[in-house]
Amino acid sequence: MRKKSPRRGSLAEYMAEILKNAVYEKGEQLDVIVAEAPDLPGCLTQGATVEEARENLVDAIEVWLISGLLSGEDPPVINGCRLAITAVSYTH
């Protein structure tokens, strides 16, 4: 049986897939909500509320992705979705 190849998704679609798997937990020592994107190792943040933690997680995901892309890494496939990346060239 042939394995199905991942679908290519826009940044918004890819982010939505990451956020589907996000985990939100009450802080153990501080009165915060810890938000983690388990599909992206080390991608976590916090906020005073779930809403703030989610907003901060979106920012953390963007930084995680940009950092990886600048290092030449391919973002992982999330829920069968691969981030569609297009090369951009700049001319002066």
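In the predicted model, buried residues account for 27% of the 92 residues in the protein. The accessible surface amounts to about 6,800 Å², and carbon and sulfur atoms contribute 53% of this area.

The secondary structure consists of two helices and five strands, arranged along the sequence in the pattern β-α-β-β-β-α-β. The protein is more spread out than a compact globule, because its radius of gyration is 15 Å, well over the 12 Å that the globule rule gives for 92 residues. The C-alpha trace spans about 50 × 45 × 20 Å along the principal axes. Among contacts in the protein with a separation of 6 or more, 43% involve residues 24 or more positions apart.

The largest nonpolar core comprises 18 residues. Within this core, Tyr14, Ile18, Ala37, Leu40, Cys43, Leu57 and Ile61 touch the most other members. Two or more core residues are supplied by each of helix H1 (11-20), strand S3 (33-36), helix H2 (50-70) and strand S5 (81-83). The greatest contribution to the core, five residues, comes from H2. In soluble globular proteins, nonpolar side chains tend to be buried together.

When neighbours within four places in sequence are left aside, Cys43 is in contact with Ala35, Glu36, Ala37, Leu57, Ala60, Ile61 and Trp64.

Notes. Residues numbered from 1 in each chain as written. Predicted model: local features only at pLDDT ≥ 70, side-chain atom pairs only at ≥ 80, totals over all residues. Heavy atoms only, no water. Helix = DSSP H or I, 4+ residues; strand = E, 2+ residues; numbered from the N terminus. Rg over C-alpha atoms; globule rule 2.2 N^0.38 Å. Buried < 20%, exposed > 50% of the residue type's maximum accessible area, 1.4 Å probe, protein only. Contact = heavy atoms within 4.5 Å. Areas by Shrake-Rupley, 256 points an atom, 1.4 Å probe, with all protein chains shown as cover. Core = buried A, V, L, I, M, F, W, Y, C linked by side-chain atoms within 4.5 Å.
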